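My notebook is open, and I am going through this protein one look-up at a time. Follow along with the structure beside you.

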Amino acid sequence: MNNKTDAPLLTVKGLKTHFFTDYGVVKAVDGVDFDVYPGEILGLVGESGCGKSVTSLSILKLINKPGKIVDGSIVFKGRDILSLTESQMNKLRGNDIAMIFQQPQYSLNPIYRIGKQIMEIFHIHDKNNRRTYYQKNIDLLKTVGISDPEVKSAAFPHELSGGQAQRVMIAIGIAMQPALLIADEPTTALDVTIQAQILDLMKELQSQMSTSTILITHDLGVIAEMANRVAVMYAGVILEQGTVEELFENPLHPYTQGLIKSIPLLGNKVDRLDVIPGNVPNLINLPKGCRFASRCTHCMDICKKQEPQLIEYSPSHPVRCWLYNNK
């Protein structure tokens, strides 16, 4: 797992996805680079609106107008996804790359029974084995820990609890045993106990199937529990990447440091939590220099004038910050 001697399963390079609105161009993703290696979990972390979900939708070419992928490459198993036709993408989606969306109550179709929605993935990608669809559906429900799978297969989405609905979404995601699974905030709407169960389930399934995973979240606690490596996003760019150990033991970027300091620790009695001052910049009117400069306690003159590039603090730990320009 996460053996960098292996070729990356996915390489995203220079990705730019912009939205052309009446108010201006929203640079939601503005030059993103990262790799995903076979069998690893890459955590993509950052505040709401930083570009995490748009990045994941770009990988699947699910960007609709007024959005458009304007630059970059997304290479999966040696093929540039951006050069594929819609027909080729339909064969890829759900089969080789699958996505678990947040808020399953909005992702599941309310008028179809659960079993029908799971079996639909086989109708699309496994047309030669129609007689096995129902049993595969039941087996998947068992795999994701749903009791009485025959009963739940016949149920409608509104008859399931939030945790059960999320397990169904995971079942749909892993149905074709994809090489890459993208999980977008998979536990956001769930209570803490159910969150822990879903994360344990995802970790167990990932271990069994050796599926590479991009785990999108704003929760660094989830990252610490689940991920092998982490990419920290802010205002459409990646500010820092590293292994989980590197990021938590030696966070380099002031933004990453602020995120970690803002995590409440069990047993620590504090009057108030640490917060990062200020607001995320307007993605239509980005500042000239570093995008984090207005919120940074280490801000220097150059930070306001020139945007820093990603530099290698160490081979596995790049950072986008002028503090490390001479390292």
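**Entry: the open sheet.** I began with an open sheet of four strands, whose order is β2-β1-β4-β5 with antiparallel pairing. I keep in mind that I am reading a predicted model. Which strands are at the edges? I found β2 (24-36) and β5 (79-80) there, each with a pairing on one side only.

**Entry: the β4 and β5 pair.** Next I looked at how β5 is attached. Strand β4, residues 67-76, pairs with β5 in the antiparallel sense over two bridges.

**Entry: strand β3.** Then I turned to β3, residues 41-45, and asked myself: is it enclosed or open? Five of its five residues are buried, so the rest of the structure largely encloses this strand. I used the cut-off that a residue is buried when its relative accessible area is under 20%.

I also wanted to know which residues are on which side. In a regular strand, side chains alternate between the two faces of the sheet. In β3, I noted I41, G43 and V45 on one side, with L42 and L44 on the other. These residues are all buried, and both faces of β3 are covered.

**Entry: the partners of β3.** Which strands does β3 pair with? I traced five bridges from β3 to strand β8 (residues 212-217), and the two run parallel. Strand β9 (residues 229-234) is also parallel to β3, joined to it by four bridges.

**Entry: the whole chain.** I stepped back and looked up the totals. The protein chain has 12 helices and 12 strands. Its C-alpha trace spans about 65 × 50 × 45 Å along the principal axes. Why do I call the chain compact? A compact globule of 327 residues would have a radius of gyration near 20 Å, and the chain's 21 Å agrees with that.

How much of the chain is buried? I wrote down 49% of the 327 residues. Among contacts with a separation of 6 or more, 64% come from residues 24 or more positions apart.

**Entry: surface and charge.** I noted 33 positive and 33 negative side chains, with the centres of the two sets 6 Å apart.

Notes. Residues numbered from 1 in each chain as written. Predicted model: local features only at pLDDT ≥ 70, side-chain atom pairs only at ≥ 80, totals over all residues. Heavy atoms only, no water. Rg over C-alpha atoms; globule rule 2.2 N^0.38 Å. Buried < 20%, exposed > 50% of the residue type's maximum accessible area, 1.4 Å probe, protein only. Contact = heavy atoms within 4.5 Å. Lys, Arg positive; Asp, Glu negative; His and termini not counted. Charge placed at Lys NZ, Arg CZ, Asp CG, Glu CD. Pairing = 2+ DSSP bridges.
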